[in-house]
Amino acid sequence: MEIQKNFSLKKYNTFNFDVKAKYFVQVSALTEIKKVVKNIEYKNFPKLVIGRGSNILFKNDYNGLVFNFTNDYIDVIDEDSNYVYIKVGAGVIWDKFVEFTVANNYWGVENLSLIPGTVGASPIQNIGAYGKEVKDSIVSVYGINIVTGKEKSFSLEECNFGYRNSIFKNLLKNIFFIFEVTFKLSKNQIPSITYGSIKAELEKLSQKEYSLSDIRKAIITIRKAKLPDPEKIGNAGSFFKNPEIGESRFLSLKKRFPQMPYYTSIDGKYKIPAGWLIEQCGWKGKRIGDAGTYSEQALILCNFGNAKPNQLIELSNTIKNSVQEKFGISIMEEVNIF
Ligand code: FAD
Ligand code: NAP
């Protein structure tokens, strides 16, 4: 375990910003984390974990200690005729885990194929896509509170999962470091293919029953056509969350904008796609220098080459103001800004 100084995070954030961490350390065991946290030299510095940096925007260099977890085991710990329980290290690349589940015919996370990042980060914002959320497959989340030094296993209920949210993104942000996640996956077929164009994509395969691998393939095809590859264009996925509004606000907006798409949630709220709001304000595919929005999805802010973090921040503030002015809706960042 080597603690490096003035470490470039360029390879650890998908915006590709060349920001530096004052200290950077890779760890593969809880004992190593404890050792670093106890070290008086780093006591007064802020600390955070970085996975692949696919949901992070650093405004400046980070004057603190950045941990990166390299524990990359996928262990089946229990099973019965219906379910399998799998313990996965935080350092595992999320899509490698999905690939493993599909190869073994375990159902539950296939709709979350190709989401960038690590397993350790997956509970943070309860990653979701194409009608599924990771919370639907999580049993428990294990790690360490770096303030108290105590290890804890959070049950599903204790994780307080919500829409792109969890206790780890709020109350315990940068306090609880996730080291391991336990998943419960089904051995029985439970396809979830009603979202958007999944069914249409599957029908191209012209079969009646679709395998897990068909579904994964369909999701990957859809994602590749619509979303920018961070290897080619710097981005951190959806920059903003989809706003949820109450009924009276929704009805008055729908009168003014009859084309406005929406989805109702179980708590009676109306979810409006933030990408649509931004597009209506004329921002789709627009650039200011090398900072801009993606041509196929206005919700994704991109570094098209040599943008600086402050240019991205300026662009995001301008977009937020346009949406506020036109719709009276304040959209909030989904990306974690440090
Ligand atoms: P990072 O970006 O490194 O970290 C994100 C946050 O989690 C930070 O606050 C960090 O401190 C914290 N964190 C990371 N690891 C840990 C840990 N082990 N313990 C405690 N805190 C930790 N997200 C979706 O939900 N659905 C999508 O469909 C989706 N599609 C995307 C598509 C693209 C092209 C991109 C670039 C991003 C997309 N995202 C999506 C966002 C992103 O992939 C997820 O949020 C992912 O979980 C981030 O993983 P990461 O390892 O890169 O986390
Ligand atoms: P899309 O399919 O064009 O849909 C636009 C928005 O409408 C999405 O944000 C989605 O909400 C909502 N939506 C569409 N159909 C829905 C349905 N049947 N029920 C409820 N909500 C519905 O979105 P996209 O940009 O191509 O992304 C596809 C999926 O990948 C989405 O689920 C999206 O969340 C996910 N994704 C997430 C990120 C990220 O960084 N968070 C980045 C890229 C893609 P939801 O977002 O709630 O699904």
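Predicted model: local features only at pLDDT ≥ 70, side-chain atom pairs only at ≥ 80, totals over all residues.
## An exposed asparagine to start

Residues are numbered from 1 along each chain as its sequence is written, chains are lettered from A and ligands numbered from 1 in the order in which they are written, and side-chain values use heavy atoms, with hydrogens and water left out.

Asn-160 sits in the loop between strand S11 (151-155) and S12; strands here are DSSP runs of E with at least two residues, helices are runs of H or I with at least four, and both are numbered from the N terminus. Its phi is near 55°, a positive value in a residue other than glycine. Asn-174 belongs to the loop between S11 and S12 as well, and has a phi near 60°, again positive in a residue other than glycine. With a relative accessible area of 30%, Asn-174 is partly exposed.

## Around ligand 1

Now for the ligands. Ligand 1 has 32 residues around it, and Val-49, Gly-51, Ser-54, Gly-128 and Arg-223 come nearest; a residue is near a molecule if one of its heavy atoms lies within 4 Å of it. This shell divides into 17 nonpolar, twelve polar and three charged residues. In that count, Ala, Val, Leu, Ile, Met, Phe, Trp, Tyr, Cys and Pro are nonpolar, Asp, Glu, Lys and Arg are charged, and the others, Gly among them, are polar. S8, strand S12 (176-186) and S13 each supply at least two residues of the shell.

Oxygen atoms of ligand 1 take part in several N or O pairings. An N or O atom in the side chain of Ser-54 is 2.6 Å from a ligand oxygen, and a polar side-chain atom of Thr-118 lies 2.7 Å from an oxygen atom of ligand 1. Asn-55 contributes through its backbone, with an N or O atom 2.8 Å from a ligand oxygen. On its own, ligand 1 has 980 Å² of accessible area, and the protein covers 94% of it; these areas come from the Shrake-Rupley method with a 1.4 Å probe, and for residues only the protein chains shown count as cover.

## Around ligand 2

Ligand 2 is surrounded by 17 residues, the closest being Arg-164, Lys-226, Lys-271, Gln-297 and Glu-334. Its shell divides into seven nonpolar, five polar and five charged residues.

A polar side-chain atom of Glu-334 lies 2.7 Å from a nitrogen atom of ligand 2. Tyr-163 places a polar side-chain atom 2.8 Å from an oxygen atom of ligand 2, while Ser-238 has a backbone N or O atom 2.8 Å from a ligand oxygen. Taken alone, ligand 2 exposes 790 Å², of which the protein buries 77%. Strand S8 (128-129), helix H4 (212-226) and strand S13 (234-238) are the elements that give two or more residues to this shell.

## Aromatic pairs and charges over rings

The structure holds 27 aromatic pairs; rings of Phe, Tyr and Trp (its six-membered ring) pair if their centres lie within 6.5 Å, with planes under 30 degrees apart called stacked, over 60 edge-to-face and the rest tilted. One of them is the tilted pair of Tyr-12 and Phe-24, at 5.0 Å centre to centre and 50° between the planes. Tyr-12 lies in the loop between strand S1 (4-8) and strand S2 (20-27), and Phe-24 lies in strand S2, twelve residues apart. Both Tyr-12 and Phe-24 are buried. Phe-239 and Phe-240 pair edge-to-face, 5.2 Å centre to centre with 65° between the planes. Phe-239 is buried at 0% relative accessibility, as is Phe-240 at 1%. Ring pairs also link Phe-15, Phe-17, Phe-239 and Phe-240 into a cluster.

Two lysines are worth a look too. Lys-184 lies over the face of Tyr-83, 4.1 Å from the ring centre, and Lys-286 lies over the face of Trp-283 at 5.9 Å. A charge sits over a ring if NZ of Lys or CZ of Arg is within 6 Å of the ring centre and within 35 degrees of the ring normal.

## A buried asparagine

Asn-126 is found in the loop between helix H2 (94-103) and S8. Asn-126 counts as buried because its relative accessible area is 0%. Its side chain makes a polar contact with the side chain of Glu-133 (3.4 Å) and reaches the backbone nitrogen of Lys-135 at 3.0 Å. A polar contact is a pair of N or O atoms within 3.5 Å; within protein, one must be able to donate a hydrogen and the other to accept it, and residues adjacent in sequence count only if both atoms are side-chain atoms.

Notes
Buried < 20%, exposed > 50% of the residue type's maximum accessible area, 1.4 Å probe, protein only.
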